[in-house]
Amino acid sequence: MSEPKPPTPTPGDTYKGWLFKWTNYIKGYQRRWFVLSNGLLSYYRTQAEMGHTCRGTINLATANITVEDSCNFVISNGGAQTYHLKASSEVERQRWITALELAKAKAVRMQAESDDSGDDCPTAPPSAGQGGGCRNSEIQSTLRTMGSKVEDLTTCNDLIVKHGSALQRSLSELEGIRVGGDMGEKIRQVTERATLFRITSNAMINACRDFLSLAQNHSKRWQKALTTERDQRIRLEETLEQLAKQHNHLERAFRGATVLPSSFSNPALGGVSGKGDASDEDDDNEFFDAMEDPAEFITVPADPKYHRRSNSNLSGFSSETGIDDQSVNFDELSMASNPESPQTLELEPVRQRRTHIPDKPNYYLNLWSIMKNCIGKELSKIPMPVNFNEPLSMLQRLSEDLEYYELLDKGAKCQSSLEQMCYVAAFTVSSYSTTVHRTGKPFNPLLGETFELDRLRECGYRSLCEQVSHHPPAAAHHALSEKGWTLRQEISLASKFRGKYLSIMPLGSIQCLFDKSNNHYSWKKVTTTVHNIIVGKLWIDQSGEIDVVNHKTGDRCHLKFAPYSYFSRDVPRKVTGVVTDKDGKAHYVLSGTWDEKMEFSRVMQSSKGENGTEGKQRTVYQTLKAKEIWKKNPLPEGAESMYFFSTLALTLNELEEGVAPTDSRRRPDQRLMEDGRWDEANAEKQRLEEKQRTVRREREREAVKAVCSPEEAVNEDSINDSPLKTDAQETGTEASEVSDETDTEDSPPLTPVASPHGPSLLPFLSAHQDNHQALWFEKIDDPVSGETLHIYKGGYWEAKEQGGWDICPDIF
């Protein structure tokens, strides 16, 4: 579960939270609990240690705070103590920097007041605004620094006067002495006092140089700040003058001194001018031009009573400030009055979904016994027990991508395609949030297996998945929402076992279409890596790059999933992205993690920065304040004993009436595993796999019969007795029949074998091993994206309404 968001720090408050602290090159960054109080930053391993054990403390009054990158910062007090810290996000890092800077300024001020209690210079009260308070604190700190330099100069001056007088006396005595025994002693005294005078003079010169440099540097900043304050004061005076004029107009209009034009029937909204008063009208126009200045502007909160007025004509300033609020209110009213909106559907009784499944039994798994039984067998024939699985099929895992469907709902309402791209990109990242702790392998679907997810009443969408191919394994998915979007994807998997880890590479394309804007997006998934396959605790990482493309406008979002590294200072599971238009201009920047949340911020300006560590020139984006676009839902209580299923995943295998006979909910081995009867589930699993092999062999025999001519007289017996059975059929069919458990289901090509029936049969066997046709999907070439994928052709939901499942095969 994610940590609660801490409040924004204020001066004088105690600030607490989790940070990652660099320990060493072996352990890397470790999570520690930090407490900031009274100018001291302390850290503990856990919150429970706060009462008895403190791991370290640093005084901020003498510390330097430097920012390294978006999440890292360093606190050092001159070499004795240095903390390399890392926050979970850029926003969290900024909160800590603000709190530390405020605490440091307060600590310096308190230390100066305790040391110089009799200082005649009073401290100015802090400004009401946050920016004024920071500026006042900075000025006070600078004044204290310059005051200390002046004191150093005074001390040096006193020492110079003292040592100069002593040196003068020594020189006078040197003139009056006679040449004799005390000559050497006097010369030594003069040399010592001359040396002290030189040292003091050098210190005086250095202090003068520091004071002059400090005064010159801060003189420029103060001059700039003074100019800015003067400009703001002038603008405020002009604004107050214009407000006074408007107030005068309103007062005269109220008293009937001026006849108003018909277009300005509402004097309370401003923009009023009398006949023949041309000078006032010009002043008003100039005022509005100043308010529309994009570089520097002032916003004035509207009076709440204006929002309660109705049927009033907006003009000038009021139209610019009130249009957004009115449009939002209009959208809310239109959604509330829409008969198809979810609010009206919630009036109907909605099914209560389950929130718990049987706990995962603690079965002992002897890996050596499994490996021992695999010696001498083909990889495709190794039966893997359900101990490695979770009680969901791959079709149900594919449907879990819709857990954060709200992102697509919000994207469908966007007027800007670039902003819509941000929501689509966040949706692509959100689909990986359920995989953090899900180390169990889903059941590979049987050929023709389906799964429907009907959330039309609760969420306004429904989806359908079907296993359309078994060699290679491929699943097609189609989701349709009443909010105006369609999601379709076809996913097949390729895997590589590297000894210590397993890499799973999804193949195929995902497409999202929006009805209102006709925007057509497409992207592909990144590589999933399962670590510690042989020894250790399994953990999952996502790495790679995703390019989300809008084929209509040419907009593009490039997402990068950073792989986990022990020595990296970045936040684990970090994701970054940039949204660009067709010309390559950046408009939005996305950042976050694929297991927690994503934020986006608008790019105001971009420039080329300095070269990085690899010699590549980095682009610097000047952005507005980041806003959260997606956050992971917390896992249900007790999720660790329920395969770490999310709230949606707990409901996927719940029994429902009226679904197709091929639905994954009706799969017996998966149902037995969910109930905790794993031994029976393994036996049922082997039965289903053997049944699938038998059906496929029968389908291939029928395909061979259909292609043979009557003159060849090739019947089933002749095929079974021919070399085709031993070389082509058994090697090609049996070896290519991959067990349900193997992730790598690549089949070797058929070896060309001489046949007494002529060469015409061999190309058919190699090209048409499986003539299976999907029941609810058809394979097409998409003209927009150029991808070949299965598209939903219709008929499923109509068959469900009629209860006609006669065309569904018996696969269970």
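## Packing of H10 and H11

Helix H10, spanning residues 406–413, packs with helix H11, spanning residues 417–430, at an angle of about 170°, and their axes lie 8 Å apart. The two helices are therefore roughly antiparallel to each other, since angles over 145 degrees count as such. This description, like everything that follows, refers to a predicted model.

On the H10 side the contact is made by Leu 407, Leu 408, Lys 410, Gly 411 and Ala 412, which meet Gln 420, Tyr 423, Ala 426, Phe 427 and Ser 430 on the H11 side. Sorted by class, the contact of H10 with H11 comprises six nonpolar residues, three polar residues and one charged residue.

## Confidence along the chain

The protein chain has an average pLDDT of 74, and 71% of the residues score at least 70. Over residues 1–12 the pLDDT falls below 50, although this stretch has 18 contacts in the model beyond near neighbours in sequence. The pLDDT is also below 50 over residues 713–768, a stretch for which the model shows 106 contacts beyond near neighbours in sequence. Where pLDDT is low, the predicted coordinates should not be read in detail.

## Cysteines

With a disulfide taken as a pair of cysteine sulfur atoms within 2.5 Å, the count comes to zero disulfides.

Cys 208, with a relative accessible area of 33%, is partly exposed.

Conventions:
Residues numbered from 1 in each chain as written. Predicted model: local features only at pLDDT ≥ 70, side-chain atom pairs only at ≥ 80, totals over all residues. Heavy atoms only, no water. Axes fitted to C-alpha atoms, helices over the stretch in contact; angles between N-to-C directions. Helix = DSSP H or I, 4+ residues; strand = E, 2+ residues; numbered from the N terminus. Parallel < 35°, antiparallel > 145°, perpendicular 65-115°, else oblique. Contact = heavy atoms within 4.5 Å. Nonpolar A, V, L, I, M, F, W, Y, C, P; charged D, E, K, R; others polar. pLDDT = per-residue confidence, 0-100. Buried < 20%, exposed > 50% of the residue type's maximum accessible area, 1.4 Å probe, protein only.
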